[in-house]
Amino acid sequence: MEMMGDFIYTEAKPLPVILLLDTSGSMSRDDNIGTMNRAVREMLMDFKSAANSEASISVAIVVFGHKTGIYMPLTDIKDIDVESISMTADGMTPLGLALDITKKMIEDKTQIPSRAYRPTVVLVSDGEPNDEWQGPLDRFMNEGRSSKCYRMAMGIGAGSQGRSYDILRSFISNGEYVFSASDANGISKFFQYVSMSTTGRATSANPNLIPKAASVLKLESGGAGTVSSGESQSDDDIPGDLFAF
């Protein structure tokens, strides 16, 4: 907090958004990787429109495929070159390694300080992991700061069915949603949902509270994007200081 004359300026608290994105070779099918790139860029532009709000949105991208790691470190939305986002699809699906990388980022208080609002972690995949993922997922869900994150997930094509769907469903927060996208329209709508949910938090009186799905969910009934609810949980039950330490 900084005081100048008779005015007090309060620095906006960070609202981190971490995208955990599948860039395996199968994402090249039907140019899903191209659609995801475009949807991410559009989402980032929406975030920029909420830059001068209660919360300061920052974004990181972790990819898992042939090259698994931090594609973009946690960066304030004002400093992101949106047009430079252009991921490529190649390799296998090492989700476990990506979860460990993401958890390390969340646990690092030099990257996400204790004063930050509750982070959102968005997982997108089109198939089953090919590495040891159960342990990393369990640690992510149940240990440390990562267990307090708001988690969303989307399965694309085959990744929205069967065992792959069950893995994504086990990742999401209670009372939230795992999405299924069968084509480009569904992918775009999911990222629109992430955008509306995040900007709604950033401009609210308490960005730690997650907006009720009904207030942001815009998917067309029976369209390319469908949604399945997880366990019921009232947003009112989430304390405002949930992520604080």
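The largest cavity has a volume of about 60 Å³. A cavity here is a set of points, on a 1 Å grid over the protein atoms alone, where a 1.4 Å probe fits but cannot get out. Grid points are joined across faces, edges and corners, and the volume is the space filled by probe spheres set on them. Lining residues have an atom within 4 Å of a point. There are 11 of them in the largest cavity, and Ser 125, Gly 127, Ser 164, Ile 167 and Leu 168 are the closest to its centre. Two or more lining residues come from each of β6 (120-125) and α4 (162-171). Helix α4 gives the largest share, 3 residues. Helices (H or I, at least four residues) and strands (E, at least two) are DSSP runs, numbered from the N terminus. In all, the model holds 2 cavities of 30 Å³ or more.

This is a predicted model: local features need pLDDT of at least 70, side-chain atom pairs count only at pLDDT 80 or more, and totals for chains, interfaces and linings use all residues. Residues are numbered from 1 along each chain as its sequence is written, and side-chain values use heavy atoms, with hydrogens and water left out.

Now the confidence. pLDDT is the predictor's confidence in each residue, from 0 to 100. The chain averages 82, and 77% of the residues score at least 70. Where pLDDT is low, the predicted coordinates should not be read in detail.

Conventions:
On a 1 Å grid over the protein atoms alone, a cavity is a set of points where a 1.4 Å probe fits but cannot get out, and a pocket is an open set with protein on both sides within 12 Å along at least five of seven lines; lining residues have an atom within 4 Å of a point.
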